[in-house]
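Here is a short report on one protein chain. Keep the structure in view as you read.

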Amino acid sequence: MQLNRSNFLRFLIQSEPGKPAISNGLRAALALGVPMLIGQLINQRETGLFVGLIAYFVNLANVGGPYQIKAKAMAAATLGIAVSVFVGTLVARVPALAVVLTFFWGLASGFASLYGNAGANVGLVVGISFISTIAQPGNLQVALMRSLLCLIAGGWAMQLTLVMWPFRPYDPLRIALADCFSAIANYIQAFLGKVATPENILEIRKALETARTTLGTLRIGQSARSWMNESFLLLIQDGDRLLGSVIALTELLETHFQQQQYHAVQQLVDDALAQISVILQAIAKVISRKPASIDLGNLNRIYEALKEQESLQRKAIAGSETDYTTLVALSNLVLMVEKLIKQLQYTAQTAKSLADRSKISQRDVDRLLLVEEEQRSLLSLLKDNLTLDSAIFRHALRIGVGLAVGVILYTVTNLPMGYWVTLTIMLVLKPNLGATFQRFFQRVGGTILGAVLAAILLATITSKPVLDTIILLTVFFGVSLIRFNYGYSVVFLSIFVLLIIDIGHPISWQFAGFRVLNTLIGAGLAFASHYFIWPNWERDRLPSQLATALRECHKYFRDVMAVYEGTKERDSSIISQRRQTGLAIGNAQASFQGLLREPKMHKELVEPVMTLLLYIGRFTNAVTVLAVHLEHFRGTTAPLPELETFVRQISLVLEQLADSVQQEITPPPLPDLEATLQKIQPHLQALRTARIQELAINQGHTPIRQAVIDYSILDLEIDQIVRRLTAMHSAMVRLISAK
């Protein structure tokens, strides 16, 4: 797909979800600024700058999250940088050895991502420290002095982050949980504004997984149960259940309550959803220890009004099957609102208990500091990934080869500031080609703009205190914006770099030119490394991701329908499978977004993939409605005739679609699903008719009434399931034809 001018500009300035990391920017500015100030006071300006830069690098290894993760990452970064600087200083005078070691350092940096975000960040800063040092040779004494300064700098960065910064070990988990409930509230607001998208659901799923991971890391190694951990676990489970209930409620509204006769009900439910959103935001504030009041009074009053509407509808029935169908839909809606109110009451109670209980005891803190992660050994992980089948190994090789070529290039050509070639390779080269392609343009564009601005500043400002202030401000903004928008971050960091080069010496426009030239060369080598060395195309990964999403969707459908068929009892495995399905859909969505960033992407693939992902999500939502209703399912009557046939047909189509996308073959024609529906409908109609007759003689709780409760939701949703499966099948046919 060719990017036109407007798309290309949007491609460059596109920001990630979330907000700038202000606290990270402040820490980075302090990590750099304090050593610089001390260096000026003792007339060791360059030494102070060196210590500040290393502290800045160690601070970058702080990925946030639980205390022990931050501590281990920063300690590993400090030791790794000290060793890298020592070795790099000594081998810098031997070009051939420098090239060989650069390859292995790059390989090790790539392999560091085996250990998650913390490992990837440590690998990055350790690699950067080595390739920066081999451009500045020295003897053994210089190497030892630099390594000592690295240890001092790392100690300062850890002191700043782990000791001086407020130590609240549960804060990352509180923030992650608050994000979950805020995300659900945002989804409700988007639904009310008719701007809800599948990305809203993915944001909630991502927040829930972050909370689960954070809680798991906190729990590992704790020898005793903790009321805090159990409360947080309850809140995670509550968030998952609330998500399912909210999806079911919005799905029911969207598919069955759009007609004019539902206007009064629609208004009440909209008011209920607005109140639910307010309550969820209040719960999020309480969890994150902000002042807030959780009040369900208005929601309860709206619920009573809905029940009154249901009562009026019940009284209006005069043997009319149409009116009874309306009543069934309204009754299910009222049941879902009632369930949400109960869930919110439980969640609010748990959230308040966190705020009311005393602070975590020192014993808990001490135990938390001694946590040791139970993970596979380094050698075991490395052994498993020492194969070209491993994406991590292939990426590590790309980094090693790219860096080695970069060192050879700037050494042979005597390119001034040549180490910026290899630094750019480290920063631009990403595991997938789409991300590398985007980083290429963001890095080049940000560097050019930053170099121009830096040259202007240096030409117009001569005061060192003013320049030092600008340096700290650029670090603050550069680090704060890294995850929000890399292109913006590069602008500030480029200004920062040019202001500190040979600090204390005159810098001209020529330096800015070399900075831009080296960045262009490095970005080009990074892109070429990925393009020619086992390129990792999302278009190759996407079929497998789509197939996985379809198969997880099939498992979810099968587990839920097994209860309606009477072959399985309702249990927690359904909630677990809903989570797995959501994660699989999220992975497929992420792969598709990566595909959109790749060059030479065929535009014919966009529409069918978008449609397929959209209807996989909507199909899953319809299944979630059925899953949520299982709380009211008793199964006291025989399963519906032909329901087994319907389930078997839907299951077969889902498997065929998964095989089709993975093997890139056209799926078989759909079975006659409408005919199966027509066989089910008479049985549902007979139940409704029998219940109407019972209402005429004021019969209350009867087996027929329970059967209507059990299967009325099927009457509402199986038609939606067929429609959405048909749309998925049609999109799959177009997708295969476009390849």
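## The second largest pocket

The second largest pocket holds about 650 Å³ of space. This is a predicted model. Which residues sit closest to the centre of this pocket? They are Tyr187, Phe191, Ala196, Glu254 and Asn621, out of 29 lining residues.

Several elements each give two or more residues to the lining. They are helix 8 (171-192), helix 9 (198-219), helix 10 (227-256), helix 11 (263-287), helix 23 (573-596) and helix 24 (606-629). Helix 24 supplies the largest share, with seven residues. By type, the lining splits into 13 nonpolar, ten polar and six charged residues.

## The chain as a whole

How many helices and strands does the chain have? The count is 27 helices and zero strands. The chain has 739 residues, and 53% of them count as buried.

Now look at contacts between residues at least 6 apart in sequence. Of these, 82% join residues at least 24 apart.

## Nonpolar cores

The largest nonpolar core has 121 residues. Within this core, Phe181, Tyr564, Phe619 and Phe646 touch the most other members. Take Phe619 as a case. Leaving out residues up to four places away in sequence, Phe619 touches Cys553, Phe557, Ile650, Leu654, Ile721, Arg724, Leu725 and Met728. Another core lies apart from the largest one. This other core has 78 residues, including Ala118, Val125, Val126 and Tyr410.

## Cysteines

How many disulfides does the structure hold? The answer is zero. A disulfide is a covalent bond between the sulfur atoms of two cysteines.

Cys180 has a relative accessibility of 1%, so it counts as buried. Cys553 has a relative accessible area of 0%, so it is buried too. Cys553 is also one of the residues that Phe619 touches.

## Two helix residues

Find Gln159 in helix 7, which spans residues 140-164. Is Gln159 buried, partly exposed or exposed? Gln159 is partly exposed, because its relative accessible area is 36%, between the 20% and 50% cut-offs. Its C-alpha atom is 9.8 Å from that of Ala31. Along the chain, Gln159 and Ala31 are 128 residues apart.

Ser331 belongs to helix 13, residues 321-356. Its relative accessible area is 17%, so Ser331 is buried. The cut-off for buried is under 20%. Which residues does Ser331 touch, not counting those up to four places away in sequence? They are Glu310 and Arg314.

## Two loop residues with positive phi

Met417 is not a glycine, yet its phi is positive, at about 55°. Where is Met417 found? It sits in the loop between helix 16 (391-412) and helix 17 (419-428). Met417 counts as buried, because its relative accessibility is 12%.

Glu664 also has a positive phi, near 55°, and is a residue other than glycine. Its place is the loop between helix 25 (643-663) and helix 26 (673-696). Is Glu664 buried or partly exposed? At 44% relative accessibility, Glu664 counts as partly exposed. So Met417 is buried, whereas Glu664 is partly exposed.

Terms used. Residues are numbered from 1 along each chain as its sequence is written. This is a predicted model: local features need pLDDT of at least 70, side-chain atom pairs count only at pLDDT 80 or more; totals for chains, interfaces and linings use all residues. Side-chain values use heavy atoms; hydrogens and water are left out. On a 1 Å grid over the protein atoms alone, a cavity is a set of points where a 1.4 Å probe fits but cannot get out, and a pocket is an open set with protein on both sides within 12 Å along at least five of seven lines; lining residues have an atom within 4 Å of a point. Grid points are joined across faces, edges and corners, and a volume is the space filled by probe spheres set on the points. Helices (H or I, at least four residues) and strands (E, at least two) are DSSP runs, numbered from the N terminus. Ala, Val, Leu, Ile, Met, Phe, Trp, Tyr, Cys and Pro count as nonpolar, Asp, Glu, Lys and Arg as charged, and the others, Gly among them, as polar. A disulfide is a pair of cysteine sulfur atoms within 2.5 Å. Buried means under 20% relative accessible area, exposed over 50%, partly exposed in between (1.4 Å probe, protein chains only). A nonpolar core is a set of buried Ala, Val, Leu, Ile, Met, Phe, Trp, Tyr and Cys residues joined through side-chain atoms within 4.5 Å. Contact means heavy atoms within 4.5 Å.
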